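Colleague: Can you take me through this model? I have the sequence and the 3D view open, and I would like to go part by part.

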Amino acid sequence: MTARATHILLVVAAFLSGLVIFLGVFLVATGNMGSGNSAPGASAIGGPFQLIDQDGKPITDQDMKGKPFLVFFGFTHCPDVCPTTLFEVSELMRSLGKDADKTSALFITVDPERDTAAKLKDYLLSFDPRVRAATGDRAAIDAVEKAYRVYSKKVPSDKDKDDYSMDHTALVYLMDKQGRFVAPFNLKRTPAEAAAELRKYL
Ligand code: NI
């Protein structure tokens, strides 16, 4: 198989595994609502967070409100899926044109030990300037992962015992202006199609 074909398969596999996780979350959420303990329409995904952005400044869920936004999780050492997602989000921003400023996108690291604010800032140079990134201490990252029902796990490298990778949920979450979860956002389409979808929430 060519490297390109392998690459595409990896991206598709990541997206499909993300969908499976989402469906699982959805079923759990539906089950909870059926028990009558949750308010109708209460979102099972998202919620308050307190992190640090790529400039070292505090960023919270309150800062994201007022615009529909995309939020997704990953780590800068990710070889494939994360850079692909960031590239796709960048293409989406470009396709949105002027409307891009009415939205935002936040990449939250699942690897805060290596992904400092400075590291994130450097990493973002490769992508659209409207994409922001966030890190925090382990407790803050654990909390935001929990809020978004994100799975992540450290995987030691078999080549270098001091190195590791991170398995993680690769879903992109679309949140509305009030910061409520709408749906997983599909970037596996043309930037113009993705932009048309996002514009519905402006
Ligand atoms: Ni990744």
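Colleague: What share of the contacts in the protein chain with a separation of 6 or more comes from residues 24 or more positions apart?

Modeller: Residues 24 or more positions apart account for 70% of those contacts, where contact means heavy atoms within 4.5 Å. Before we go on, this is a predicted model: local features need pLDDT of at least 70, side-chain atom pairs count only at pLDDT 80 or more, and totals for chains, interfaces and linings use all residues. Residues are numbered from 1 along each chain as its sequence is written, and side-chain values use heavy atoms, with hydrogens and water left out.

Colleague: How many helices and strands are there in the protein chain?

Modeller: The protein chain has 6 helices and 9 strands. Helices (H or I, at least four residues) and strands (E, at least two) are DSSP runs, numbered from the N terminus.

Colleague: And what percentage of the residues count as buried?

Modeller: Of the 202 residues, 42% count as buried. Buried means under 20% relative accessible area, exposed over 50%, and partly exposed in between, with a 1.4 Å probe and protein chains only.

Colleague: Now the sheet. What is the strand order?

Modeller: The order is 2-1-5-4-3-8-9, in an open sheet of 7 strands with mixed pairing. Two strands pair if DSSP finds at least two bridges between them. Strand 2 (58-60) and strand 9 (181-184) are the edge strands, each pairing on one side only. On average, neighbouring strands are turned by 35° against each other, direction ignored. Axes there are lines fitted to C-alpha atoms, for helices over the stretch in contact, and angles run from 0 to 180 degrees between N-to-C directions.

Colleague: Which way do strand 1 and strand 2 run, parallel or antiparallel?

Modeller: Antiparallel, with 3 bridges joining them. The bridge partner of Leu51 in strand 2 is Ile59. The two strands form a hairpin with 4 residues between them, and Gly56 in the turn has a positive phi of about 80°.

Colleague: What about the other neighbour, strand 5? How many bridges join strand 1 to it?

Modeller: There are 2 bridges between strand 1 and strand 5, again an antiparallel pair. Ile52 stands opposite Thr135 in strand 5.

Colleague: How is strand 4 joined to strand 5?

Modeller: By 4 bridges, with strand 4 (residues 104-109) and strand 5 (residues 131-135) running parallel. Leu106 stands opposite Arg132 in strand 5. Helix 4 (residues 117-124) lies across strand 1, strand 4 and strand 5, and runs at about 160° to strand 5.

Colleague: Why does Ser104 count as buried?

Modeller: Because its relative accessibility is 11%. Ser104 lies in strand 4. Leaving aside neighbours within four places in sequence, Ser104 is in contact with Met64, Pro68, Phe69, Leu70 and Met93.

Colleague: Switching to the metal. What coordinates the nickel ion?

Modeller: Cys78 (SG), Cys82 (SG) and His168 (NE2), at 2.1 to 2.2 Å. Donors are N, O and S atoms within 2.8 Å of the metal (3.2 Å for Na, K and Ca), and water is not among the atoms, so sites may look incomplete. The donors follow the spacing C-x3-C-x85-H along the chain.

Colleague: Last topic, Leu174. Where does it lie?

Modeller: Leu174 lies in strand 8 (residues 172-175). At 2% relative accessibility, Leu174 counts as buried. Leu174 and Pro68 are 106 residues apart in sequence and 7.2 Å apart in space, C-alpha to C-alpha. Not counting residues up to four places away in sequence, Leu174 touches several residues, among them Phe69, Leu70, Phe181 and Tyr201.
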